[in-house]
Amino acid sequence: MASKASTRRNSMNAGDSTSTSDETLPTNHEEIKIGAADRTKDFGFLPIPARLRYNPEKPAHFGLLLNVVFGFASTLTVANLYYCQPLLIQLSIAFGVSYDEVSKIPTLTQAGYATGLLLISPIGDLVPRRPLLLGLILSSASLCIGLSVTKSLKAFEAISFLLGAVTVTPQIMIPLAADLAPPNRRASAMSIVMSGLLFGILLARVLAGVIAEFSSWRNTYYMAFAAQYLMAIVLYLVLPDYPAKNAHLTYFGILRTMAKFAVTEPVLIQACLISLASSATFTNFWVTLTFLLGGTPYFYDTLQIGLFGLIGMLGVATAPLVGRLIDRMVPWFATLIATLILIVFQCVLVGAAGINIAAVIIACFGIDVGRQMQQVSLTTAVFAVDPAARSRMNAVLIVFIFLGQVMGTSVGSRVFLQFGWRPAAALSLAWNGWQLFVLLLRGPHCQRFTWLGWEGGAEMRKQKSTEKSEDVEKQPEERIESSDSSETAPTRQGELPEKSRTEVQ
């Protein structure tokens, strides 16, 4: 009965992370122990501090300090993707080319990032992540030196592509934070790392613009490589070693299973479809915001428009509160609340974005809070499906988020320029409606491979949901104990029935 109950637990809906097997991380614990404690050096020569070496008897403590370090590391690395955007005019002057030619730089950087998501971030399920993270951040820092000194546009473009490819550090850290954090703080831990990622997106444009305004644009990349080298030193001193989780797989096996997950896991597919539209909505807002505020009736200058990034940062700063809320709820319901928040604030934009600046400010804050809450809750649900495959599933999810960004930028900009602010905001509202539709197709307590429908009731609180599932598992065992045939079966695990004990004696 114990094995059957365990099977039932593992098949419960991944949306309720407390009812899956991820409470006993890692799933292939026996395999992880083999040789894991013998690893004492990074890259074969760099000693790992003794206190950070993997010890299965004394797991690393994932406290607030380490969580904040993860967040800052995400901020400093993801910013690499966005430094170039406010520098395009200065780059065209420095390289003596047209705006059209330098416009390829952001595209190449994002293309490199997409390549890294597909080919590098899944490696987190195959190799120890401490040396992987250190290697990635040292690589991105070194490439920033190349961007600082090169005088060739072609070299700048090539380095930008490579920089984008190795700027996947946050996508390695998010699954690692989920593995290291205690189950009751998992969403909070991921929320802080994701908030660092969003801070980096918003902060990069501000820093690059300010530095280029008062000095050379090259100083932006000098600052970037110095900050990342400093972060590499910090990570070396505080990042605990955590062994590989899938030693039996090969790199191509990792890629193959990632493709399989993308078409066979209902929870992952549901999260991807929601994230695609949500990311498009988020990007549509921030891209068209410049057009909205720069035209009638506001006519704001570049500095005033840039200050709206601070409002977005206030929304991101709610990460700890959002994470604690999600930790207490079944992730499906947290996603539902976040989606409704997005719909409400998007309605504010549709109604008054081009009429009163207060509507824009309110919507700016609300959309950032709702988007962050939605992404954390969806990621929490996806990570609960298979703890040994978190990096791969995260890579699939992030690819859809990236596609959503492309869709939001291109389609949203075109609609705004051709039809105005209200149709562009209404487009995002339609995308919000799609998110709600996809979410409602599959209930909060469905079993892992249930594609459509509603199962297991509607309990919102994670603890109550877990207790309910445990009670269901206990009922068959209680029936066996009270049946007439109980003398031929153990009454408790590891205990012989009365008749058998008598025969043995």
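Start with the surface. The chain exposes about 21,900 Å². Carbon and sulfur atoms supply 66% of that area. Now the inside: of the 505 residues, 53% count as buried.

Remember that this is a predicted model. How confident is it? The mean pLDDT of the chain is 78. A pLDDT of 70 or more is reached by 83% of the residues. Two stretches fall below that. Over residues 1-36, pLDDT stays under 50. The model still has 92 contacts there beyond four places in sequence. Over residues 465-505, pLDDT also stays under 50. For that stretch the count is 34 contacts beyond four places in sequence. A word of caution: where pLDDT is low, the predicted coordinates should not be read in detail.

Next, the overall build. The chain has 22 helices and 2 strands. How far apart in sequence are the residues that touch? Take contacts between residues at least 6 apart in sequence: 81% of them join residues at least 24 apart.

Here is one pair to look up. V330 sits in the loop between helix 16 (319-327) and helix 17 (331-352). V330 and M460 are 130 residues apart in sequence. In space, their C-alpha atoms are 5.5 Å apart. Is V330 buried or exposed? Its relative accessibility is 0%, so V330 counts as buried.

Stay in that region for two rings, W332 and F333. W332 is buried, with a relative accessible area of 6%. F333 is buried too, at 8%.

Helix 7 covers residues 129-149, 21 residues in total. From its first C-alpha to its last, helix 7 reaches 31 Å. That is close to the 30 Å expected at 1.5 Å a residue. Helix 7 is mostly covered, with 15 of its 21 residues buried.

Helix 8 spans residues 153-166. The buried residues of helix 8 include L153, F156, E157 and I159. What covers them? The cover includes helix 4 (88-95), helix 5 (99-102) and helix 6 (104-119). It also includes helix 7, helix 9 (169-180) and helix 11.

F156 brings us to aromatics. F156 belongs to one aromatic cluster with Y83, F95, W217 and Y221. A search of the whole structure finds 16 aromatic pairs. One of them joins Y222 and F225. Their centres are 6.0 Å apart, with 65° between the planes, and the pair is edge-to-face. Both residues lie in helix 11 (residues 218-238), 3 residues apart, about one turn of the helix. Why does that spacing matter? An α-helix has 3.6 residues a turn, so residues three or four places apart point the same way. How covered are these two? Y222 is partly exposed, with a relative accessible area of 34%. F225 is buried, at 18%.

Now back to W332 and F333. The centres of their rings are 5.0 Å apart and the planes stand at 80°, so this pair is edge-to-face.

First, T288. Its place is in helix 13 (residues 266-294). T288 counts as buried because its relative accessibility is 9%, and the cut-off is under 20%. Where does its side chain reach? It reaches the backbone oxygen of N284, at 2.6 Å. Leaving aside neighbours within four places in sequence, T288 is in contact with G412, S413 and F416.

Second, N67, in helix 3 (residues 64-78). N67 is buried, with a relative accessible area of 0%. Which residues does N67 touch beyond its neighbours within four places in sequence? They are F62, R185, S188, A189, I192 and V193.

That's the tour.

Methods. Residues numbered from 1 in each chain as written. Heavy atoms only, no water. Helix = DSSP H or I, 4+ residues; strand = E, 2+ residues; numbered from the N terminus. Buried < 20%, exposed > 50% of the residue type's maximum accessible area, 1.4 Å probe, protein only. Contact = heavy atoms within 4.5 Å. Areas by Shrake-Rupley, 256 points an atom, 1.4 Å probe, with all protein chains shown as cover. pLDDT = per-residue confidence, 0-100. Expected span 1.5 Å × (residues − 1). Polar contact = N/O pair within 3.5 Å; in protein donor to acceptor, adjacent residues only side chain to side chain. Phe/Tyr/Trp six-rings, centres within 6.5 Å; stacked < 30°, edge-to-face > 60°.
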